[in-house]
Every structure is written in structure tokens, then in C-alpha cells.
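Here is a brief report on helix packing and aromatic contacts. Look at the structure, then read on.

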Amino acid sequence: MKKTTWKVQDLTLCALFTALTAIGAFIQINIPVEPIPMHFTLQFFFALLAGFLLGGKLGSLSIGIYLMIGLCGVPIFASGGGPSYLLKPTFGFLLGFFLAAGVVGMLTDRFAPKRFLTYFFISMAGLFVMYLSGNLYFYFVSNYIAHITVSWKIVLINCFLLTVAGDFVLCVLSAIAAQRLTIIMRKILH
């Protein structure tokens, strides 16, 4: 069994991305749709960067810590915090950030991208995972826990079509930023 050892700089970067993700929740555009309003935030951008720059384990750990802090009651989600947030249909997108950071980090570790297109395709994998998690959670929590009847058509429109263009732009920006920041981080950390 291999023992994982983390350096202070790894844990510091993990904490930094936890804080950046929390800050990203407050940089938002509210989308007033029925039955449940949506928020477009910069959390996804920081989740992608966490995966790119920290790898799968630390990237998902940083987002996991963010989720735990919010679920403990600190109002760092787009609409507050606390354990009741698990019952909100939009919590699936927060879980999606965790999964996206892990997938992006795992793919980055495996393929060691150097070109923009590789970074971009990896970020698109994160986009897919995040939307899959968010849409499935939204549908099931709305219909079976909150007892708000929501069709797949409403989920597709409210939880995908209204926000995917902005998240696509975040994928492009994160690919550009990760390509440049990876070079800088290698110089600083090694």
C-alpha cells in the first residue's frame, strides 16, 4: 500500500483553491427562471483550474473542503449554506464541481497536456461531468424530494441551455489560464 505524503505547498494551494471557489460563488449572474432560479458563477472556472493545477486528488479535495465548509453552515454557496442545501435541486451542480475537478485532474495527470486543445478537451470533459451531475440531481430532487414537478424539457432548458454558453467560455478561459499557469507553477515549485 502506497502512503500519500503532501507537502505544505500542496496543502496551501489546496486551501487557496477552496477560497477561490468560495469567492467565485459571489461573482454571479442570477437567472430568474421558474420553478427554481439558477445562478451562473465563477465556481466552475476555479474547479477546473483546481483540477488542472493540483491534480485529481488535491483538486477534488479543495472542492470537497469547500462543500464541507458550506454544508456546515458557512454561507459560501451562491444562495447561502447549511445542511439543508443538500435538498436544493441546484446542489447537484456543486457536486458536479467536485467531480469535474477530479476528472480534470485525473486526465491532466494522465495526458500531461502541453497544447491548448488538449487542455480544452480536458475542460470539456469536466463540463460534461458537471452538467450530468447537476441535471440528474436537479430532476430527481425537484420531482421526488421537493415535490415540484419538473420535466426533462424544463431541466434541459433551465439547467443546460441557459448556462452552457457561459460555462463553455469558462472552459476556454480555464484552458488558456491552465496552460500558462502550469509553466509558472513548475518554475516556482521545482
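A residue counts as buried when its relative accessible area is under 20%, as exposed when it is over 50%, and as partly exposed in between. By that cut-off Phe-77 is buried, because its relative accessible area is 1%. The model is a predicted one.

**Aromatic pairs**

The structure holds 18 aromatic pairs. One of them joins Tyr-66 and Phe-77. Its geometry is edge-to-face, with 5.4 Å from centre to centre and 75 degrees between the planes. This pair links distant parts of the chain. Tyr-66 sits in helix H2, residues 43–71. Phe-77 sits in the loop between H2 and H3, eleven residues apart from Tyr-66. Tyr-66 has 0% relative accessibility, so it counts as buried.

Phe-77 also pairs with Phe-91. Here the ring centres are 6.3 Å apart and the planes are at 65 degrees. Planes over 60 degrees apart count as edge-to-face, so this pair is edge-to-face as well. It too links distant parts of the chain, from Phe-77 in the loop between H2 and H3 to Phe-91 in helix H3, 14 residues apart. Phe-77 and Phe-91 are both buried.

Which residues do ring pairs link into a cluster? They are Tyr-66, Phe-77, Tyr-85, Phe-91 and Tyr-137.

**Helix packing**

Two packed helices are described by the angle between their axes and the distance between the axes. The table gives both values for two helix pairs.

| Helix pair | Angle | Axis distance |
|---|---|---|
| H2 and H3 | about 150 degrees | 8 Å |
| H3 and H4 | about 155 degrees | 7 Å |

Angles over 145 degrees count as roughly antiparallel. H2 and H3 are therefore roughly antiparallel to each other. The crossing of H2 and H3 is left-handed. By class, their contact has 17 nonpolar, ten polar and one charged residues.

Helix H3 covers residues 91–111, and helix H4 covers residues 116–144. H3 and H4 are therefore also roughly antiparallel to each other. Their crossing is right-handed. On the H3 side, the contact residues include Phe-91, Gly-92, Leu-95, Val-104 and Leu-107. On the H4 side, they include Ser-123, Gly-126, Met-130, Gly-134 and Tyr-137. By class, this contact has 15 nonpolar, eight polar and no charged residues.

Ser-123 lies in helix H4. Is Ser-123 buried or exposed? Its relative accessibility is 0%, so Ser-123 counts as buried. Leaving aside neighbours within four places in sequence, Ser-123 is in contact with Leu-48, Phe-52, Val-104, Cys-171 and Ser-174. Val-104 belongs to the H3 side of the contact between H3 and H4.

Tyr-137 lies in helix H4 too. With a relative accessible area of 21%, Tyr-137 is partly exposed. Leaving aside neighbours within four places in sequence, Tyr-137 is in contact with Leu-86, Lys-88, Pro-89, Phe-91, Gly-92, Leu-95 and Ser-142. Among these, Phe-91, Gly-92 and Leu-95 belong to the H3 side of the contact with H4. Tyr-137 is also a member of the ring cluster, as is Phe-91. The C-alpha atoms of Tyr-137 and Ala-22 are separated by 21 Å, and the two residues are 115 residues apart along the chain.

Technical notes:
Residues numbered from 1 in each chain as written. Predicted model: local features only at pLDDT ≥ 70, side-chain atom pairs only at ≥ 80, totals over all residues. Heavy atoms only, no water. Axes fitted to C-alpha atoms, helices over the stretch in contact; angles between N-to-C directions. Helix = DSSP H or I, 4+ residues; strand = E, 2+ residues; numbered from the N terminus. Parallel < 35°, antiparallel > 145°, perpendicular 65-115°, else oblique. Left-handed = near helix turned anticlockwise from the far one by under 90°. Contact = heavy atoms within 4.5 Å. Nonpolar A, V, L, I, M, F, W, Y, C, P; charged D, E, K, R; others polar. Phe/Tyr/Trp six-rings, centres within 6.5 Å; stacked < 30°, edge-to-face > 60°. Buried < 20%, exposed > 50% of the residue type's maximum accessible area, 1.4 Å probe, protein only.
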